[in-house]
Amino acid sequence: MTGPAVPFREIVLKVHSRCDLACDHCYVYEHADQSWRTRPKAISDHVVSRTARRLAEHARTHALPSVTVILHGGEPLLAGPARLRRVCEEFTSALAGIAELDLRIHTNGLQLSPRYLDLFDEFDVKVGISLDGDRAANDRHRRYADGRSSHPLVLKAVELLRQERYRHLDLGLLCTVDIANDPVAVLDALTGLEPPLIDFLLPHATWDEPPPRPDGSPTAYAEWLLTVFDRWQEQGRPVPVRLFSSVLSTLSGGPSLTESLGLAPTDLVVVETDGQLEQVDSLKSAYEGAAATGFDVFTHSFDEVAAHPGVRARQLGLAGVSETCRRCPVVRSCGGGLYTHRYRPANGFDNPSVYCADLAALIRGIEDRTAAATESPAVRDPDELLAAQQDLTRTLLAALHDGLGGSGGEVWESAWALAAELEADPAGQEGLDLVLAHPYTRTWLLDALEAVRAGRPVHGPPVERLAATVAAAAVHAGLDLAVPVVYRDGRLFLPTLGEVRIGGAEETGTAVVRAEGEGFAVRAEGGSVLHIARGAGESSQWSPVRRLAAAGPVRVADGPGPGPGPGPVHVLDDLDPYRSCFDTPAAERFSPQAADAWSVSLAAAWELLAAAVPEQAAEAAAVLTTFTPLTTFTPLADGPPVRAGRHGYGALGIAAAGDAQALAMALLRGFRRAKLRALAEVADLYASDGSWDHRMPWQEEGEEPVPFSRLLSETYERVGLGLFAPQFLAGVPQALDLIEEAAETTVDGKQLLAAMRKEINGTHGTSGRNGCKTATESAAVR
C-alpha cells in the first residue's frame, strides 16, 4: 500500500454500549461479533477526555478545517444528559481554535425529550433518527424485547424534532431496507414526516450470511429501491435521498455521497466505550474481531490507526476493489459496495459485494430513468454548446467583477455601469453578446481571474479591456453611447473591430468612442476626432479586423458589422493583444497582400472540407452569435499547422498555409480538439478522480496505456478525421467499445459516445465522401 494515510475527519464515539430495543437486524447485537458483551455500558470521563485530546492532536497535525463526532451506541441517549453534556464540553474545549466541530447523534428516538434537545441546541448537536417506514414496516424489526411496537414513540420523537425551536437540529431519517415491506408505503410514510434527508441502507450481509431473497431474485433489492425511486420521482423529489443523490452524482462524474457506494477513501474511526479504536462498525457483521485494530486512545494516536492495514485497504480507491469490480463499468458509482458486504471466509474482502447484481441494476435503472433529464443539451446540439459557452463567459465576467471588489477603480466601474446600460437595450444586449462571444474575451477573463485568485494586483490593460468591449458592443448595436476607453502607446484596440492609432507611438490617454451612422467616431483627449466608416480599409490611423468569406478567397468588407453577403464569415484576427494564447507565438500583423494570399489557401482548404464533410464544416463555421456566424483564425509564427489554444470556443491558430488538403486535415483536427475542450468546459464527460489507464487500439506494441481523457480525445478526433480520410477509422470501433465499458464515462460521456457512433455509421470501407481523397491517405495513420 503506497501513499500517505488518509487522516480521519469523522469519529464514531460509542457513549453507551446497550440498547432499549431488540432489533433482530442489528449488527451490534445480532451478528457475528459479540464484543459488546465485554464493553462497559457507558463511556467513562477518562475515555472522553483522552479521545478529545487525541482528536485535537490529529486535527492540528493535519490542519483539518473541521471534524465530525457522531455520538453512537447501542443507544446513545441511555448515557443520560449529564454524561452527554460532559462529552460535548470536552470536545468543544479540545477543538477550540484548532478545527470546527460538527457534533451529531444517531438515535432510535425512544428517549428523546426536550431536556436532551435543549442540551443539543446549546452545543449544536444534530440529530438523526432510525425509522423503517410505516408502522407495519418499522415493527417488522424495531421492537422491544417483549415484542411491543416502538413506532408510536419514534413518531413522537420525530414530531418533537420538527418543532420550530428544534428543527435546525434535524439531520433526517435512516431506513434499513426490507424487501418484505411495501416500498411505496415506506417512502410515503417517511416523506410525510418532511425530514431534511432520507437515507436508505441495505441490511448488513456477507457471502457467508447472504441477505434474504424470498423469491430468489438476484436483483430483488434493486427492484425494491427502484420502485421507491419511481415513487420519489412521481412525488417531485420532495426530500433528498442520499442513496439516490449519490448515484446521480457519480453518474455525472461527481463524488460519492455515502460510505456504502463509490470509491472515496474511508476517513472514519470508531472509539468504543472502553477506549478501544476500531474500524467501521459494520465490520462486526463479518466475523468476530473484524473491526478490531488492537489500538486504544490511551497508548495510540489516530495516525497509527490510519496506518493500520485494514484501514488502508479501504483507502485505495479502484486498487482496493476486486478484479471483477475493476473491470465493471459501474464501479465508480457502486465502489464495490460497502466493504463489509464483500466478505467471504475463503478470501476475505477481495470479492464483489454480496449485493453486486442489485447495485448494478440499481445504478443502471437510475441512469435509464434520468438520462434525458440529466444530459447536458450542449453535447447533442451545437447551438446549445455555443449558448453554454456564452453563459460561461458571462459567468466569468461576473466573477471577475466580484473578485476585483472595487479595486478596478473608476475605469472598471464606469465601464461596468455602461455595460448595464447596454444590457437594458435589446440591440445593446445583442452587441455585447457578439463581443463576449469573441474567443479572446475568454483569454482576457481567464488571465485576469488567475491574477485575482493569486492575490496579484489587477490594473492597466486587464481592467481597461472591459471599456473596449463595451465600446465595440455599442458600435455593433449602433447605440448612441459615449464610452471612455484608455489607449496606450498610441493604440486603441476594439475587440472584433480593429485598432485605432492616436497621437504618437508612446502616447497614453483616454478617448471617447461613439457609434456614428454605420461606423463610429473616436474623440481623443486633445479634441481631435477620427471618423471610421463601415468597411474602411487599412490606413495610417486604422487597422481593421479582417473578415473572410468561407466560400472563396475574396476578402469582404472590413469594419463594424458582419459584412455583406450570405453564408458563414471567418475573422482573421492578427491584432487582438490576447491572441497569443497558443503554444506557438502569434504572427505580426499581415499586410493586405499577405492576408489575401493567406485567405486563398484557407478558402481552398475550406472548400475541400465543405465537399467531404459538409456537416462538420458547417458546424465549424457556425460559431453563432446574434449577428453572424464567426470563426476566428489567428496566424501563428511557426509550429504545427493548426493549434487550439486557451480561449473560448471558435478560434484556431494557423501557422501553415500551403497545401490545401493538408491544411483541410489540420483544420478539421483543430476543430475537433477545440470542440471537445469546449464540451468539457460545460459538461462532465467523464469522472477525473480515477486511476484508470487504457491501451488505445492504434498504439504500437510496448507503448504505455494512457488515461481515459486521452483515449476519449484521440477517439473523438479520429472519428472526425475518419470521415475525411477513412484510414483514421482503424481501431475506432474498438476504442468506442472501450469508452462504453469504461467506469469513467458519465451520462454526458455516453451521449457523446452515441453521437460518435452515429457519425461513423456507414463509413467503413469507404474512401471518403464525394470521391475526395486526401494527401494523407497513403501516409502513416499515426
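A: The largest cavity holds about 100 Å³ of space. A cavity here is a set of points on a 1 Å grid over the protein atoms alone, where a 1.4 Å probe fits but cannot get out; its volume is the space filled by probe spheres set on the points, joined across faces, edges and corners. The model is predicted, so to speak of local features pLDDT must be at least 70, and side-chain atom pairs count only at 80 or more, while totals for chains, interfaces and linings use all residues. Residues are numbered from 1 along each chain as its sequence is written, and side-chain values use heavy atoms, without hydrogens or water.

The lining of the largest cavity has 14 residues, and Leu251, Pro329, Ser333, Ala743 and Thr745 are the closest to its centre. To count as lining, a residue needs an atom within 4 Å of a point. Helix H8 (242-251), H12 and H13 each give at least two residues to this lining. Helices (H or I, at least four residues) and strands (E, at least two) are DSSP runs numbered from the N terminus. In the whole structure, a search finds seven cavities of 30 Å³ or more.

From here the ring contacts can be taken up. The loop between helix H12 (331-334) and helix H13 (356-374) holds Tyr355, whose partner Tyr221 is in helix H7 (residues 220-234). What kind of pair do Tyr221 and Tyr355 form? Their ring centres are 5.2 Å apart and their planes stand at 85 degrees, so the pair is edge-to-face. Rings of Phe, Tyr and Trp (its six-membered ring) pair when their centres lie within 6.5 Å; planes under 30 degrees apart are stacked, over 60 edge-to-face, and the rest tilted. Tyr221 and Tyr355 are both buried, where buried means under 20% relative accessible area, exposed over 50%, and partly exposed in between (1.4 Å probe, protein chains only).

By the ring rule there are 15 aromatic pairs. Ring pairs also link Phe200, Trp224, Phe229, Trp232 and Phe244 into a cluster. Charges can sit over rings as well: Arg344 lies over the face of Trp207, 4.4 Å from the ring centre, and Arg148 lies over the face of Tyr144, at 4.1 Å. The rule asks for NZ of Lys or CZ of Arg within 6 Å of the ring centre and within 35 degrees of the ring normal.

The loop between H7 and H8 contains Arg237. This residue has a positive phi of about 50 degrees although it is not a glycine. Most residues other than glycine have a negative phi, and most peptide bonds are trans. Arg237 is partly exposed, with a relative accessible area of 35%. An exception of the peptide kind is the cis bond joining Gly73 and Gly74, with omega about 25 degrees. Gly74 lies in the loop between strand E2 (66-72) and helix H2 (81-95).

Strand E2 belongs to an open sheet of nine strands, ordered E6-E5-E4-E3-E2-E1-E7-E8-E9, with mixed pairing. Strands pair if DSSP finds at least two bridges between them. The edges are strand E6 (198-201) and strand E9 (292-296), each of which pairs on one side only. From one strand to the next the twist averages 25 degrees, an angle that runs from 0 to 180 degrees between the N-to-C directions of axes fitted to C-alpha atoms.

Inside this sheet, strand E1 (residues 10-14) and E7 run parallel, joined by four bridges, and Leu13 stands opposite Val271 in E7. On its other listed side, E7 (residues 268-271) pairs with strand E8 (residues 276-278) in the antiparallel sense over two bridges. Val270 has Glu278 of E8 as its bridge partner. The hairpin of E7 and E8 has four residues between the strands, and Gly275 there takes a positive phi near 90 degrees. Which way do the side chains of E7 point? Leu268 and Val270 point one way, Val269 and Val271 the other, and all are buried.

Note on methods:
1 Å grid on protein atoms, 1.4 Å probe; cavity = no way out; pocket = protein on both sides within 12 Å on 5 of 7 lines; lining within 4 Å.
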